[in-house]
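My notes are below the display.

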Amino acid sequence: MNSIIFTAGARLLVALVFVFSLFMLLRGHHLPGGGFIGGLLGAVAFIIYSLACGPEETRRALRVSPEGIAVIGLGIALLAGLVSFFMGDPFFTGQWYWVGGDSYETSAFSINSVLVFDIGVYLVVLGGILSLTFAFEEEA
Amino acid sequence: MNWVLVFPIAVPFVTAVIAYLARNYPAGRWISLAGSVLSLVASAALMAAVLREGVIAAQMSNWDAPFGITLVSDYLSAVMVVITAITGLATAIYALGEIPEQTERLGFYALFQMLIAGVTGAFLTGDLFNLYVWFEVMLIASFSLLVIGGGKERLDAGIKYVALNLVSTLVFLSGIGLLYGVTGTLNMADLRGAVAASDNQGLITVIAMMFMVGFGVKAAVFPLFFWLPASYHTPYFAISAVFAGLLTKVGVYALMRMFTLVFVGDVGFTHEILIWVSLLTMFTGVIGAAAQMDFRKILSFHIISQIGYMTLGLALYTPLALMGGVFYLVHHIIVKANLFFVAGLAQQYAGSTDLNKIGGLYKSAPLLAALFIIPAFSLAGFPPLSGFWAKYLIVKAAIELNMWFVTFVSLLVGLLTIYSMTKIWGYAFWKPHPEGYDPTPDRAPPRVTAAMITPIAGLAAMTIIIGFFPEPFVQFAQTAAAQLLDPTDYVTTVLGEQP
């Protein structure tokens, strides 16, 4: 597709969708959102980019191969689950550290293993969807 | 908490991640091998814990059953996990010899470890939806492994494989949905009570049949087996060995679990169907094998026929029959994986798996011939190898129930199995090579041959050990069968003491 309107519009859209995907990732767990939805949106951003500029250009923009992203995401998700081993809890038990309080209502923000898991999921979904679409695009 | 239940799943997953990142380096294959050794250690620890405590369970994420995901292991799960790890290790060694470098670069070892993780997860989960997820993990990994390395034939086999397995998972998923609608729970232990208490027993039986179809496709029972011989003869031998050993057994395991734990309300109906399905599976499988002239195709059809014996053990539904079924399951994984390994080495030596094109292996590779005889005759049920005890238990159970037709078919299928095994023996090993030369064992570098013959020898040794000292294994199978028939311990361990 060689439409100058689309290519110009895509630049705006890609940045917007990608930021929104990060927003969805970070607001997850307590509010609607999370790694899976975020990852899908992130993939959409890169798919728009690859429609505008072609898959090779998108691969260059990604720097890491989509399969690599997915596998690294899997590793991060596993690590998040294994953290609870050192805390003496069952696998995948969320570990929470509240900053400025002791619960969701009172604290300013929290550092937790759930977000790490969500980041892992985000990367798995992003990488998985992108490797699929690239396979289709590069075939044609 | 019970981390012993987590490690057999987590270790192959972590190995898969590291092996993928190291796929371009020779270190990748050693990481895979080390991961398989670690898996074996982890599953041995699980086995030790189960032997000590009977049934163990762990609630993931600290969400109590029936709300969270439960991992649970009784004797049957534990032995399946251990045998998975053993097969995994044998395959990891075998792959060192067989898998070419460009396939390694595509992430072969990562996919392989993912497959092992999926199989182990399916054996350990106590949650029906989680079981579905593990099925999907296995399906994705196995499809990729089936087509990896390319080629028209492999892609053709892969499409058939994935299409039919998708249908099966869909039926399974619909069954899960209906079951959740009727009972409001998917925890297997919780389902036992909820299904029994349901006032819509007719619908429960319908759901049970959906599960039977879903798992039946996975297990390759009559008449749903046609995907298996269409796909198992094309991939790398290491892969077809692991498929032949493990994948269908997950279906059998799931059948055994669901039809002893949950769907026991109408045994007269469901298990009667299973008896006929089993008999037809045994018979069609062995007849199909008789018609084939390819090493791996014969073995593929024999998987089907042997699956029939295992489901027959479940269908007869007596302590002795179930014990035979469990024993058969374990024995068959070892023997079948080994036969595919032998087929791979035979191809390495003689250049083909087509029985018309090869021959003379007995003369040029007597060691391989000896190592073929052990699993082949064990499969056919020759005393004193492991297959004899497995068949003996099933047949004895049938005789005790005065089911003479079942007894007759089991013995007849055993006889026909010998026919196919002697056919392979005659064509591949005894008859001279059709092109007049002796197949040379040194076609491949010695390192390759060593990597391929080590797992064959190891698994053959296990077959002999089970054959000559069956006592502890039979006792183990007896306890496993007793736990299956009376899952009180299983239910209370998962749900806690009920008031």
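Model first. I am looking at a predicted model, where local features need pLDDT of at least 70, side-chain atom pairs count only at pLDDT 80 or more, and totals for chains, interfaces and linings use all residues. Residues are numbered from 1 along each chain as its sequence is written, with chains lettered from A and ligands numbered from 1 in the order in which they are written. I noted ipTM 0.85 and pTM 0.92.

Chain A next. I found five helices and two strands, in the order α-α-α-α-β-β-α. Helices (H or I, at least four residues) and strands (E, at least two) are DSSP runs, numbered from the N terminus. The C-alpha trace spans about 55 × 30 × 20 Å along its principal axes. Of 140 residues, 38% are buried, meaning 20 or more other C-beta atoms, placed from the backbone, lie within 10 Å of the residue's own.

Then the interface. I get 12 residues of chain A in contact with 15 of chain B, contact being C-beta atoms, placed from the backbone, within 7 Å. The chain A side has eight nonpolar residues (Ala, Val, Leu, Ile, Met, Phe, Trp, Tyr, Cys, Pro), three polar and one charged (Asp, Glu, Lys, Arg; the others, Gly among them, are polar).

Last, α8 of chain B, residues 188-197. Its buried residues include B:D190 and B:R192 as well as B:L191. Among the elements covering them I noted α7 (152-183) and α11 (237-261) of chain B.

Definitions and conventions. Two residues are in contact if their C-beta atoms, placed from the backbone, lie within 7 Å. A residue is buried if 20 or more other C-beta atoms lie within 10 Å of its own, exposed if 12 or fewer, and partly exposed in between; C-beta atoms are placed from the backbone.
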